[in-house]
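Here is a protein model to walk through, step by step. Keep the sequence and the 3D view side by side as you read.

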Amino acid sequence: MVRFDSSNAVAFFNDGEWDRIALAVGHAHELLHARTGPGSDYLGWLDWPIRYDPGEFTRIQQAAARIQANSDVLLVIGIGGSCLGAKAALDLVNHSFYNLLPKSRRQTPEIYFVGNNLSPVYLSHLMDILDEKSVSINVISKSGTTAEPAVAFRLLRDWLEAKLGPDAARKRIYATTDRSRGTLRKLAQEQGYESFVIPDTIGGRYSVLTAVGLLPIAVSGADITAMMQGAADARAAYLNPRLQDNACYQYAAIRNLLYRQGKSVELLVSYEPQFRSFAEWWKQLFGESEGKGGKGIFPATAEFTTDLHSMGQYIQEGPRMMFETVMAVQKPALDVWVREDSGDSDDLHFLSGKGMDFINKKACEGTLLAHVDGGVPNLVVELPEINAYHLGSLFYFFQKACAISGYVLGVNPFDQPGVEAYKSNMLALLGKPGFEQQKAELEVRLRGKQDVSDCWRDG
């Protein structure tokens, strides 16, 4: 289970503040579990680890086995919550160079993510490596109309049909989408794609433990049964409404206390590159859940010790507007030992016989103390080790902490109204039917900006 350490942050607030935030957290707990708070229609994730559909879970495992047996590559088409959780899990529980391992060692398909941008260069380069390989596609979209994955799926579906023929191609396409509505659901029914459900009551950024994340994770060979058990055990562990007995709630409470003191940036720090994609998942979870109504802690990420050589100075002596949450692992999957060099030619004799994990942990401890001394509070979230079980508990820890934190902050942590603005503008400028008036207005604004730019450049 997750271990939470706040000892390097408690000096930044007093007992009175703690007592007041405890009341707010207790109220947030009631809103969440009584399902009376804002966004209560999207709380399916709360009990999902013990109430998921076992029949669909079995179909996910069966589909994963088929993809493993007949495919060299799985393409996962999705954006945001439709891909970030799966990518986080794949990076954490698999080899750091998973796709580069020879098939004899990996024994599962290469997995690539696409439809998470609109870059023709990225898509073209990806297709360059697919020609001689057998490919399956998992397209993930609630509606099927989100531009990035929809465009990628149109292009890759056409490519797969040209390569295999329509009948063979449709057997290699798996759709994860709404149960009964939307463009992708209609297409899946018309074409006969095997499909999986995105529950109506679970939003994208909370969906990693549904078919959205589980199918790609299972294809990689990870143990999704253990992952769900880890989440189920975390659910039970974080049911206690008492702040002093609930590590998940303590994390939510302390980040809100620090925010009230002007610490408006949370830096999620890891000392293992394996956490890089997890940090992107975390960033969406908190950024999209809390950034509303002029409120919200800005979620940023850093990878130490690497980023200490670029951002360390700013963190140590820049504006005192941030706090750090450090991701730690008690027991690494592997370790490498520094051998003794009798000549001490590299001046590292003092490290002889020590493992890289020991060195990495001392770098973490030293950095943490320096940053606390510099006025940067530090929180630590530690896993006993990285495996599917503990990853399931970690996903649930942050999901519930985010919900509680959002309610304490006074926002609906389950909607994202601001996201629709850019989507609407983009569709209008691309000429989608029904957006003609908006397109005309936007083009006038863009011409005005260009006129101002030309005047400035011409003096």
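A salt bridge is a side-chain nitrogen of Lys or Arg within 4 Å of a carboxyl oxygen of Asp or Glu. Keep that in mind and find R35, D47, R51 and R235: salt bridges link these residues in a network. The structure holds 23 salt bridges.

A word on the model itself. It is predicted: local features need pLDDT of at least 70, side-chain atom pairs count only at pLDDT 80 or more, and totals for chains, interfaces and linings use all residues. Residues are numbered from 1 along each chain as its sequence is written, and side-chain values use heavy atoms, with hydrogens and water left out.

Now step back to the whole protein. Its secondary structure comes to 18 helices and 10 strands. Both are DSSP runs, numbered from the N terminus: helices are H or I with at least four residues, strands are E with at least two. The radius of gyration is 24 Å, close to the 23 Å that the globule rule gives for 459 residues, so the protein is as compact as a globular protein of that length. That radius is taken over C-alpha atoms, and the rule is 2.2 Å times the number of residues to the power 0.38. Along its principal axes, the C-alpha trace spans about 60 × 60 × 60 Å.

How much of the protein is buried? Of the 459 residues, 49% count as buried. Buried means under 20% relative accessible area, exposed means over 50%, and partly exposed lies in between (1.4 Å probe, protein chains only). The chain also folds back on itself in sequence terms. Among contacts between residues at least 6 apart in sequence, 77% join residues at least 24 apart. A contact means heavy atoms within 4.5 Å.

Zoom in on V135. This residue lies in strand β4, which covers residues 135-140. V135 is buried, with a relative accessible area of 2%. What does V135 touch? Leaving out residues up to four places away in sequence, V135 touches S71, V73, L75, L130, W159, L160 and R172. For a sense of distance, pick out W337. From C-alpha to C-alpha, V135 and W337 are 40 Å apart in space, and they are 202 residues apart in sequence.

D72 pairs with K103, and their closest N and O atoms are 3.9 Å apart. D72 sits in the loop between α3 (54-70) and β2 (73-77), while K103 is in helix α5 (residues 103-106), so the pair ties together parts that are 31 residues apart in sequence. D72 is partly exposed at 27% relative accessible area. K103 is partly exposed too, at 36%.

R170 and D167 form another salt bridge, at 2.4 Å from N to O. They are three residues apart in helix α8 (residues 166-170), separated by about one helical turn. R170 is partly exposed at 24% relative accessibility, whereas D167 is exposed at 54%.

The side chains of R255 and E290 also meet in a salt bridge, at 2.9 Å from N to O. This pair links distant parts of the chain: R255 is in helix α12 (residues 247-260) and E290 in helix α13 (residues 276-290), 35 residues apart. Are these two buried or exposed? R255 counts as buried, at 0% relative accessibility. E290 is buried as well, at 0%.
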